[in-house]
Amino acid sequence: MVLGLSSFRPASRLSTALLAIISVLGSVSGVRAADLDSALAGQTNLTTFRELVKDHPDIFVNLPSGVTIAAPNDDAFDKLGNYDEWRENKTHVEAILKYHVMTSIVSMPSIIKGDSIWAPTLLTDPKFSPMKGGQRIILTKQPGGEVVLTSGFANRGTVVVEDVEWAKGLIQVTDSVMRVPEGLESTARNAYHDMTSFLGALFATGLYDEVILPAKEVTIFAPTNAAFQKLASTLPALSKDELKSVLRYHIVPGQVSQIWELRNESSLVTAEDKHSIRVLRHSNFIFVDAAQVLQADILVANGAVHLVDNVLNPKGGNNGTKGPDVEAVVQSPAFRVVGTETVTGTGAPTPWTEFLPCTVSCPLTETVTRTDPTVSVTRSVVVNQGGVGPTSTNGGLGARCTGLVGVGMGVVVGVGGLVAL
């Protein structure tokens, strides 16, 4: 999906957010007799959510004034398919319920068509989201007027009953249980397979543990697998330090930048020695350096990911500049291609994915020492199981095992479940 300026009107978005939050202040300041249970009971299809509210008084009894609750209807819970098992994991259920409570009043009629709001939620537990102000949920008004909520793993739900009032705010009835955003690894493996090359390269260089996991807030520009396939003979020739430099240039630490915040001619300071990438908006398209944004605002536990069509080069492109060719249908690689033209697509090999951690049962490993002109390395590498150890061209990079999907509490609980960081 190619995103254009028609989808991102920066001047209108701040006003949209303000309108959605403050336009109902007059009604909110008035007295509302309905408590939460009464308001939920007044809807015909919220039996399951109402029971969950009663089961978790520690979350709902002392809610502050001025909140918006996304209440999944009974059909939404039916879609889980394993509700009884899902409900038994109290820690995860509590996290999911907190994720359904926005910490401001967001009125659906006040959102402008085509605009989005990133609404902070009550989910502030650092095990699930280290971001300041709580994990976000995205609300977008479609051209037809319906509002769609987007959560982790691109899980989406539509608001089917709008602006149900109760004493402390509003209730928005939805047709899906939202999913708490998970770490980059789990998100790429399970929902956005087109950035597994980027993920594998991060693991190969150690940057996943070094930069991604510790980041409390981060914006990531992840090249597609096709972008890496175009450079399948080029990037492996780089030393480990050179490859790390390239990958760090795709990471903006310390901030979460939604796509509408990327202003024309603005710059973002990256993790690569404070070098900056440049944002350009042209016609209906958004570029960062010589890459076009293909899909924006992918939620992860500690920030946002924007999928781009090119591997960014901190030293500039082949033309000596970092800017795109705005007239081109497809951007040329920002690196000089080595060797013959590389095939792209699902039928072609996907570079770096051999470095992804195993996720089911780790094969046996042995410790070996290998030396090449750039690095001497001693580490455990996979043997006789299809694993890849250090080579003369990859700067001593080796595969590793981490067990379940993601590092940490690798627990997947179906639709609406989550994996902690």
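**Entry 1: Glu-265 and its partner**

I started with Glu-265, which is partly exposed at a relative accessible area of 47%. This is a predicted model, so I read every value as computed. Glu-265 and Arg-278 meet through their side chains in a salt bridge, 2.6 Å from N to O. I placed Glu-265 in the loop between strand 9 (251-253) and strand 10, and Arg-278 in strand 11. The two are 13 residues apart. Arg-278 is partly exposed as well, at 35% relative accessibility.

**Entry 2: other salt bridges**

I looked up the total: 10 salt bridges. One of them joins Glu-51 to Arg-87, with the closest N and O atoms 3.8 Å apart. This pair links helix 4 (residues 47-55) to helix 7 (residues 83-88), across 36 residues. Glu-51 has a relative accessible area of 37%, and Arg-87 has 30%. Both count as partly exposed.

I then checked Arg-248 and Glu-272, whose side chains form a salt bridge at 3.0 Å, N to O. Arg-248 is in helix 13 (residues 240-248), while Glu-272 is in the loop between strand 10 (267-269) and strand 11 (276-282). Glu-272 is buried, at 10%. I also noted a network of salt bridges linking Asp-37, Arg-50 and Lys-54.

**Entry 3: Glu-217**

Which side chain of opposite charge is nearest to Glu-217? I found Lys-132, 5.0 Å away. Glu-217 has no salt bridge, because the cut-off is 4 Å. Yet Glu-217 is buried. The backbone nitrogen of Lys-132 does lie 3.1 Å from a polar atom of the Glu-217 side chain. I located Glu-217 in the loop between helix 11 (207-212) and strand 8 (218-223). Its contacts beyond four places in sequence include Met-131, Pro-253, Gln-255 and Asn-302.

I followed strand 5 (residues 147-150) into strand 6 (residues 156-166); they pair antiparallel over three bridges. Thr-150 stands opposite Arg-156. Five residues separate the two strands in this hairpin, and Phe-153 in the turn has a positive phi of about 60 degrees. Strand 6 also pairs antiparallel with strand 7 (residues 169-174), over five bridges. Here Val-161 faces Val-173.

**Entry 4: cores**

I listed the largest nonpolar core at 52 residues. Phe-49, Phe-60, Trp-86, Leu-139 and Ile-171 touch the most other members. Helix 8 (residues 90-99) gives the largest share, five residues. A second, separate core has 37 residues, among them Tyr-208 and Val-300. I went back to Leu-139: its contacts beyond four places include Met-102, Ile-111, Ile-117 and Val-148.

Key
Residues numbered from 1 in each chain as written. Predicted model: local features only at pLDDT ≥ 70, side-chain atom pairs only at ≥ 80, totals over all residues. Heavy atoms only, no water. Core = buried A, V, L, I, M, F, W, Y, C linked by side-chain atoms within 4.5 Å. Buried < 20%, exposed > 50% of the residue type's maximum accessible area, 1.4 Å probe, protein only. Helix = DSSP H or I, 4+ residues; strand = E, 2+ residues; numbered from the N terminus. Contact = heavy atoms within 4.5 Å. Pairing = 2+ DSSP bridges. Lys, Arg positive; Asp, Glu negative; His and termini not counted. Polar contact = N/O pair within 3.5 Å; in protein donor to acceptor, adjacent residues only side chain to side chain.
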